[in-house]
Amino acid sequence: MRTEERRVDDAVIDCSREIPYWADARPFPRTVEHPLFYSQAEIERARTRVARHDWAKQYRDDQIAKIEESGILSMGAEEIRGEIFEQVTFPLPRCPVDRGQRSWRENFWTWSVADRHHVHCETCSSSLPGAEHEPTGEIEVIGPAGGLVKYAFWEDEDGTRYFFNSFVQFYRQKWVIDLAPKLARSYVLTQDATFARKAAVIVARLAEVYPNYPVHGFGKGFGSADKQGYYKNSFYRDTPFPFVSSRWANFAVGPYVDAAYVYEIAQVYDLISDSGVFEALARECGRDVKAEIERDLLYEAARHTLEVDRRLTNYQGRFIMAMGLVGRLLGEQDFVAEAWEVYTALVDNSFHYDGFWCENTLNYFNMIVGSVLDVPHVMGGTGGIDVLGERPIVPRIYDCPLGLHSPQGETLPVNDTWSSTLRPGAPGLRSMAKFVEAADELTGANRIQVARPEFALFRRSSEASRAVDETELQALVPDNYLLPGVGDAVLGIGRTPNAVRTTLYFGPWAGHHHYDTLGMSLFGCGHELLSDIGYTWSLYRPWVNSAASHNTVVVDGREQSQASGRLLSYKPASPTQVGMISAEASAAFESSTVYTRTMLLVPTGSDSGYTVDLFEVEGGGTHDYLLHGSADFDQSIRTDLSLSETDEELTGIPDGAAYSYISNVRGGDPGDSCKITFEGEGTQVDVHILGAEGDRLLLGRGPSVRRAKDADHRLDEFSYPVVCWRKQGGKSRFLAVIENHQGEPVIERVQLVARGGSEVAVLVGEGDRTRVILVNSSGEGARVALPDGRSVELVGRAGVIHEGDGESVLEIIEGSRLALDGEAVDQVGGYEGCVLDVVGDISGQPGESRLVVDVDLPRDGSLNGKVMFVSRPKGPESAYMIQDVAEAEGRSAVNLEGIPRFVRGRSEIVSGERGRFESKVELPMKSTYRGCLVSVGGETGTIIGVEGRGTVVVDSEVDYSRNVGVAFEIFATSRGDQFRILV
Ligand SMILES: [Zn+2]
Ligand SMILES: [Zn+2]
C-alpha cells in the first residue's frame, strides 16, 4: 500500500530513529559458515580453471589490473575511508549552466578519477562545480543514528539549490565501493590477503557511516521527475518509505538501491570472511568489526529494504537478491522467506504464458530477469531451495526473447526498448548470452562458450575453452518466431546479416507499451529499414508512443485504444516457403469494428523476400495506412507522382494522434496503383500500393528521434520519411507489396488481378517468374479469373501459385485446396475438437505442458511447429505452438513448445466479498485475465475483470470473505475447451 509521502522540511531536518533496527535481533556476528555465496568446491574449481583456461586467467588478471590501475593498493586505510562519506549522495536538480530538461539523469554526466572533485556535463561540456559555485548555504540533517550532518549548497537566482558536494561524492564513493568486489574475488583467486585487507577497510567503513544515512530521494516515480524536468531531493523519516527513495547513494533515482548495494557488499564480506583480515582490523581498532558489519550494514540494510513500499515491478530483483543472500549469510530465515515470496509472486504473476516478461520490451526483460538470474544459486545449493524443481519455467523465462533480435543482432525496438542508435551499449544480442548460459546451467545443456566470466568461473559445471562469440549467438536466433502470449511475431528468410525480417506486434497492453497495435517493422540489407523508434526519454516521447509514429493504420486521426489483439494465423517463412502472420484487433480504435492485418513473406532468395501486406479496417471515416522510414540513417522518398504542399491535410485533423509532429507534407493522387521508394545508405524499399483509386497519398517528414540521443535541443535535426495512404468511407482494404533491395529489385511489376468480397489476388512479375498470391483473411477462400483467362480457386486463408520455366507450383499457405484450371493441390485443412485433459502446472506437473484431445491427430511430425488455438465459449483464446503429437492411453496428446503455462496468476486472497476478492500481490498481467478461470478452494469461476492493481471480479455468487488466506489460481485453458489447428 502506498501512503501519503511525508517529507521533513524544517531548517534542521530530523530523520532520527528512536529504536535501532537490531534492538530485538539475536547477537552478531552469526555462526554461519563462510564462504557461502560461492562454495569452497566452486572456489577450488575456479582456481584450477584460472590455471587451465586463458579466459579464466584473463578474468583474474583483469580484476587485478583494474585494482592496480585504481591506485588503491598504495592508498592508506585513512585515505580509503576518506572516500566514503558521512553525507548521503543525490543528483543535481539539473545542469546549472545549460539548464536542460531532465539533465539530472545520469547519462548526461561523466566523472573520472583523474579529476575526482568535478563532474563533466555531456551537454554543455561544463566542469562542475565551477569557480562561481562556491557554497551559499547549508542544511543540517539528523540521521537515523542521531548524528547531525551538514550539506552545503549553491543557490541560483531561481532559488534552486545545487548540492555539488553530494553530487561529486556520489562518484567518488561509488568508485571506491565498486573496487570492493574486485578485491574480494582477486583474494579468492590468488589467496593474497593484501586484496582482502583493502576490501575489509571499505566494508568496515561503510558499516560505520551507514546507520546514520537518512532516507532520501525523489519520492514519486521517475515519470514525475521527467515531467517536472528537474530533480528535487527530499528527506524522509516515516515508514513505509516511498518507492523512489533510499539511504544509500540514490543517484539513479531508483528503488531498492540499498538492496542493490548490500547484495554486492554482502558477497564481499562473505568471500573474505575467512581471510583473517577482519580479526586483524578488530585488534587494531578494538571493536568487533564482523559484528558491526553484520549488524549495522547487512542486517540494517535488509530491515530498511522491508520498509520500502513494495510492488511487483521490474526493480524487484534487487529486493529478492539482497534479502535472499543477507538472509542466508545471517541465518535470518524470515529474510529468505520474504525473498522467496516475492520471487515466486513475480514468476507466477508477471510473465506471459509464453514465458516473456509482462512488459513487452527487451530492456525491461534484461533488467528484471538479469537481476534474478542467479536466484537458483543464491537461494539454492546446500541447505537452500530447489528453485528449478519448484519453478521449471525458469530456464524458459531466461532465453525466450532470443527470437526478438534482428539479423544484425539488435533488439527489435518494440515499445520502450532502447535502440543502440539512441543508446550505444543498449542491450542487444550480446546481452542474451548470459541468459543462455544461465539457462543451460539449469537444464544441463551447453549451447555456448563463456558468457559471464565470473559465472562461468565459479558456477558453470561444463568446461569452456573461450569466450562466446557473436556467431554462436546468431546461430541460436530463429529466423521466424512467435511469442503468442506477449504478441510478437517475426517472419524471416535466412540468417545472414542482410537477411529480411518482417515483424508484427499485437499483444496485450502492459507497462512501457506504445499505441502500436498491429504495427510492423522491416529489416533487410543489413539495416532496420521501416522503423518503430523504440524508447526515448526526450520531449518527443508523446510522438514516439503514439500510433502515428508506428507502421499501422490510424482511424480518424485519433489515438489507439489499449485493446489487445488476437492471433489469427502464423506460418514460418523459409527460402522455399511463403510465411504468413495474421492478427486482428477489432477494438484498436473506439470506432473500429474490423482491424485485421495479414502479411505474407514471399522468398526471392536465400535471405531475401518481399512482404505482401493486407490491412483491412472498418469503422470510423478516415483510414490512414502509415509507413515510416529508418530511424537510424537518412532516407528520402522517390515517386513519380505529382505532389503539392498540403500540411493541413494531416495536421488539420482534429484530435490528431500526434500528427502535429509531421511536417513538409506533400499530397497527390496515387491513381489505381503507384510505387514509392524509400532510399538511403545504398538501400531501397519499394512500396507498391494497389487498389488506391480515389485515395490520397501524403508524404511528409517526422522526427526520427533516435539519432538525437535524447538531447531535446537536437530532436529537430533528424527526421525520416512518413508515408500516409489515406482512404475515406469507413471500409478500407489496404494492399501493399513491400520489397527491400540493394541494386536491382526482384519485383518488376505488380498487378491487382481481383478484389472480390473479402478476397484479393495479386500478380507479381519477377523477371521470368510470376506469382499469383491469393489471400482471404477470413479464411473463406477465393475464386478468381487471371488476366489470361485461367481460373484459380483457394479454399482457406492464403495460397500462392509460383510460375516459371513453364511450370506451375501450387503452394497452400493455409487451407485445404488450391487449384489452377484443372490442376489442384488438396490437403487436410485442419483439425478441431475438444480438450479432454490438461497436463501442466495446473495439474501439479509444472515441468510439462500437454493437452490430451478427443481427435486422432497425425503423429508423423506434420503438426510440429503449427499453432493450436484453444478457446472457451466466453473466454480468451490461447495460441500454443505444437512441439509434437504423442499418444497417451489411446488418445492424441499434444506436447506444447516452450512449456507454456496454464496458470497465469497465483497468490493468496487478502480480503473479499461476494463475487470479488483482493490479491495479496498486484497482478501486472491483469489485462489478459478477462474470461480466464479462477480457482479458489476447489471452486471455479470466470473472471469478469481486474480492478486496481489486484482486485479480481468474478462471475460468481461465492462470498470470498470466507476465503481470506486461501490460495487462488488464474488459468485460461481447461478440460472441455475447444481447439483448432490450422494447416
Ligand atoms: Zn551542462
Ligand atoms: Zn513503438
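Contact, as the word is used in this briefing, means heavy atoms within 4.5 Å. In that sense, the buried residues of helix α1 pack against α2 (54-70), α5 (179-190), α8 (257-272) and α18 (453-458). This is a predicted model, in which local features need pLDDT of at least 70 and side-chain atom pairs count only at pLDDT 80 or more, while totals for chains, interfaces and linings use all residues. Residues are numbered from 1 along each chain as its sequence is written, chains are lettered from A and ligands numbered from 1 in the order in which they are written, and side-chain values use heavy atoms, with hydrogens and water left out.

**Helix α1**

- Helices (H or I, at least four residues) and strands (E, at least two) are DSSP runs, numbered from the N terminus.
- The expected span of a helix is 1.5 Å times one less than its number of residues; for the 13 residues of helix α1 (residues 40-52) this gives 18 Å, which agrees with its end C-alpha atoms being 18 Å apart.
- A residue is called buried under 20% relative accessible area, exposed over 50%, and partly exposed in between (1.4 Å probe, protein chains only).
- The buried residues of α1 are Glu-42, Ile-43, Ala-46, Arg-49 and Val-50.
- Seen down the axis of α1, these buried residues fall within an arc of 115°, so they line one face of the helix; the arc is that of the directions from the helix axis to the C-beta atoms.
- On the other side of α1, the exposed residues are Ala-41, Ala-51 and Arg-52.

**The zinc site**

- Donors are N, O and S atoms within 2.8 Å of the metal (3.2 Å for Na, K and Ca), and sites may look incomplete, since water is not among the atoms.
- The zinc ion (ligand 2) is coordinated by His-514 through ND1, Asp-532 through OD and His-550 through NE2, at 2.1 to 2.3 Å.
- Along the chain, the donors of this zinc ion follow the spacing H-x17-D-x17-H.
- The two histidines link distant parts of the chain, 36 residues apart, with His-514 in the loop between β14 (500-505) and β15 (519-524) and His-550 in the loop between α20 (541-545) and β17 (553-555).
- Both His-514 and His-550 are buried.

**Aromatic rings**

- Rings of Phe, Tyr and Trp (its six-membered ring) pair if their centres lie within 6.5 Å, and planes under 30 degrees apart count as stacked, over 60 as edge-to-face and the rest as tilted.
- The structure holds 46 aromatic pairs, one of them being the edge-to-face pair of Phe-90 and Phe-235, at 6.2 Å centre to centre and with 85° between the planes.
- That pair links distant parts of the chain, 145 residues apart, with Phe-90 in the loop between α3 (77-81) and β3 (109-110) and Phe-235 in strand β10 (residues 234-236).
- Phe-90 is buried, with a relative accessible area of 1%, and Phe-235 counts as buried at 4% relative accessibility.
- The rings of Trp-248 and Tyr-261 have their centres 4.9 Å apart and their planes at 10°, so this pair is stacked.
- Trp-248 lies in the loop between β11 (244-246) and α8, and Tyr-261 in helix α8, so the pair ties together parts that are 13 residues apart in sequence.
- Phe-90, Tyr-151, Phe-153, Phe-163 and Phe-235 form one aromatic cluster.

**Charges over rings**

- A charge sits over a ring if NZ of Lys or CZ of Arg is within 6 Å of the ring centre and within 35 degrees of the ring normal.
- The charged end of Arg-17 sits over the ring of Tyr-21, 3.6 Å from its centre, and Arg-459 lies over the face of Phe-37, at 4.8 Å from the ring centre.

**Backbone details**

- The peptide bond from Phe-28 to Pro-29 is cis, with omega near -5°, and Pro-29 lies in the loop between β2 (12-14) and α1.
- The peptide bond from Leu-128 to Pro-129 is cis, with omega near -5°, and Pro-129 is placed in the loop between β5 (127-128) and β6 (137-142).
- Gln-191, although it is not a glycine, has a positive phi of about 60°, and this residue lies in the loop between α5 and α6 (193-209).
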